[in-house]
Amino acid sequence: MTAGANIRSVRVGCCGLRMARAEYFARFPAVEVQHTFYQPPQIGTLRRWREEAPADFEFTIKAWMLITHEARSPTYRRLKKELTEEERAGVGSFRPTRIVREAWEVTRACAEALGATRVLFQCPASFKPVAENVRHLRKFFKSISGEGFNLLWEPRGDWPNDLVAKICGEFDLTHVVDPFSARTVTTGRCYYRLHGRGGFHYVYEDDELSELLSMLPRGAESHVMFNNVRMVDDATRFLTLIGEESDDEV
């Protein structure tokens with residue numbers, strides 16, 4: 001599932017465990033955990049997942065939405081925690097508030113329980129590149145940059161590439177994109193999320209998967225996570241394509 005160093009090295013998976021865990025662990029080398037974004041599971045549950053998975057299986061987790069999304073986001077419908085008015089005013093947009101810091105502590109504990117080294121911060125399109133947001137973003141990443149995680153950032157909307165590159169450079173962030181919509185500014189560290197061209201119900205064609213493979217660098221490990229309606233099938237087909245390329249280059 002992971003190609004040799006002389007060709008492309010790719011970790012492929014899905015955004016979420018879309019089948020029984022044992023079956024998923026047997027089919028894919030990595031997963032992006034979505035539970036931690038909406039409602040983080042109990043630490044004991046995550047430790048059990050880690051124990052069930054193969055030793056070389058890779059978990060990436062999405063940071064809790066309390067860090068990135070404001071309380072007006074529809075994603076909060078899945079939150080079980082009852083927020084006070086003060087907390088509702090303080091969540092999201094990387095604000096320097098007590099509840100955002102607590103949300104990071106929960107996220108960090110989840111990552112440690114899973115043995116996850118990568119933490120993804122997915123921002124909503126409403127998080128614009130205005131001065132206040134950039135200031136809060138920088139302050140947040142500066143506060144956690146020494147904690148030993150590979151930090152992944154997926155900005156949405158009209159963030160200028162030069163600003164994204166500057167922030168990624170400052171805090172050693174990996175710029176996460178859907179490669180059919182944007183180009184990453186951290187070309188040596190590709191983490192692609194395939195959301196479907198035009199939406200979740202899109203199914204990728206064979207030539208698109210070939211194009212996707214050609215976008216991945218050689219000599220560095222890349223991650224490709226499918227997040228569309230046929231994510232399991234498309235990820236499986238992409239793994240087959242990687243295997244065929246590996247066979248051709250042996």
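A: Leaving aside neighbours within four places in sequence, N227 is in contact with C15, R193, L194, H195 and F200 (contact means heavy atoms within 4.5 Å). This is a predicted model, in which local features need pLDDT of at least 70 and side-chain atom pairs count only at pLDDT 80 or more, while totals for chains, interfaces and linings use all residues. Residues are numbered from 1 along each chain as its sequence is written, and side-chain values use heavy atoms, with hydrogens and water left out.

One of these contacts is polar: the side chain of N227 meets the side chain of H195 at 3.2 Å. A polar contact is a pair of N or O atoms within 3.5 Å; within protein, one must be able to donate a hydrogen and the other to accept it, and residues adjacent in sequence count only if both atoms are side-chain atoms.

N227 lies in the loop between β8 (221-226) and α10 (231-249). Helices (H or I, at least four residues) and strands (E, at least two) are DSSP runs, numbered from the N terminus. N227 has a relative accessible area of 16%, so it counts as buried (under 20%; exposed is over 50% and partly exposed in between, with a 1.4 Å probe and protein chains only).

Strands β3 (residues 58-62) and β4 (residues 118-122) run parallel and are joined by 3 bridges; two strands pair if DSSP finds at least two bridges between them.

As for the whole chain, there are 10 helices and 8 strands. Of the 250 residues, 54% count as buried. Among contacts between residues at least 6 apart in sequence, 67% join residues at least 24 apart. The C-alpha atoms fill a box of roughly 60 × 40 × 35 Å, taken along the principal axes.
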